[in-house]
Amino acid sequence: MAAQDKKQGSAKPGRLGIYERPEQQSVTNIEIVAIALSALWVLAAVIFFVVMPSGPEAGFDGANAMITMLAIFMPVAMIWVAATAARA
């Protein structure tokens, strides 16, 4: 009879699979490295575009602005894609 009481009192709910809450939501080393690389890249890109000499043919049009934004933000996006893949 004591064995039955013990089984009834210690019943655990089953695992919920994909509906379970993640056990760990803290920032891991992967995210820290991704943040550092992203900040380093943005800083280097800003320094490059500020220091870059502007010649007589250098103008600011839509194409240059789009390429500049891609040169800054595409590598940052790829850093975070790699960080997400490394964490999974």
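Residues are numbered from 1 along each chain as its sequence is written, and side-chain values use heavy atoms, with hydrogens and water left out. Because the model is predicted, local features need pLDDT of at least 70 and side-chain atom pairs count only at pLDDT 80 or more, whereas totals for chains, interfaces and linings use all residues.

The chain contains three helices and zero strands, and its elements follow the order α-α-α from the N terminus on. Helices (H or I, at least four residues) and strands (E, at least two) are DSSP runs, numbered from the N terminus. Of the 88 residues in the chain, 10% are buried; buried means under 20% relative accessible area, exposed over 50%, and partly exposed in between (1.4 Å probe, protein chains only). The accessible surface of the chain amounts to about 7,800 Å², and 69% of this belongs to carbon and sulfur atoms. Accessible areas come from the Shrake-Rupley method with a 1.4 Å probe, and for residues only the protein chains shown count as cover.

Helix 2 covers residues 29-51. Its 23 residues should span 33 Å at 1.5 Å a residue, and its end C-alpha atoms are 33 Å apart, which agrees. The expected span of a helix is 1.5 Å times one less than its number of residues. Helix 3 (residues 62-87) has 26 residues and reaches 37 Å from its first C-alpha to its last, close to the expected 38 Å. In helix 3 there is a kink of about 30 degrees at Ala71, shortly before the proline Pro75. The bend at a residue is the angle between axes fitted to the seven residues ending there and the seven starting there.

Glu31, Ala34, Ser38 and Ala45 are the buried residues of helix 2, and their cover includes helix 3. In helix 3, Ile72, Val76, Ile79 and Ala83 are buried, with helix 2 included in what covers them. Val42, in helix 2, is partly exposed at 29% relative accessibility. Apart from its neighbours within four places in sequence, Val42 is in contact (heavy atoms within 4.5 Å) with Ile72 and Val76.

Side chains of opposite charge can pair when their charged atoms come close. The structure holds one salt bridge, defined as a side-chain nitrogen of Lys or Arg within 4 Å of a carboxyl oxygen of Asp or Glu. The pair is Glu31 with Arg87, and the closest N and O atoms are 2.7 Å apart. Glu31 lies in helix 2 and Arg87 in helix 3, so the pair ties together parts that are 56 residues apart in sequence. Glu31 counts as buried at 14% relative accessibility, whereas Arg87, with a relative accessible area of 38%, is partly exposed.

On the surface, Leu43, Val46, Ile47, Val50 and Val51 form a nonpolar patch with about 490 Å² of accessible area together. Patches are made of residues with over 30% relative accessible area and no salt bridge, like charges being joined within 9 Å and nonpolar side chains (Val, Leu, Ile, Met, Phe, Trp, Tyr) within 5 Å. Ile47 lies in helix 2 and counts as partly exposed, at 47% relative accessibility.
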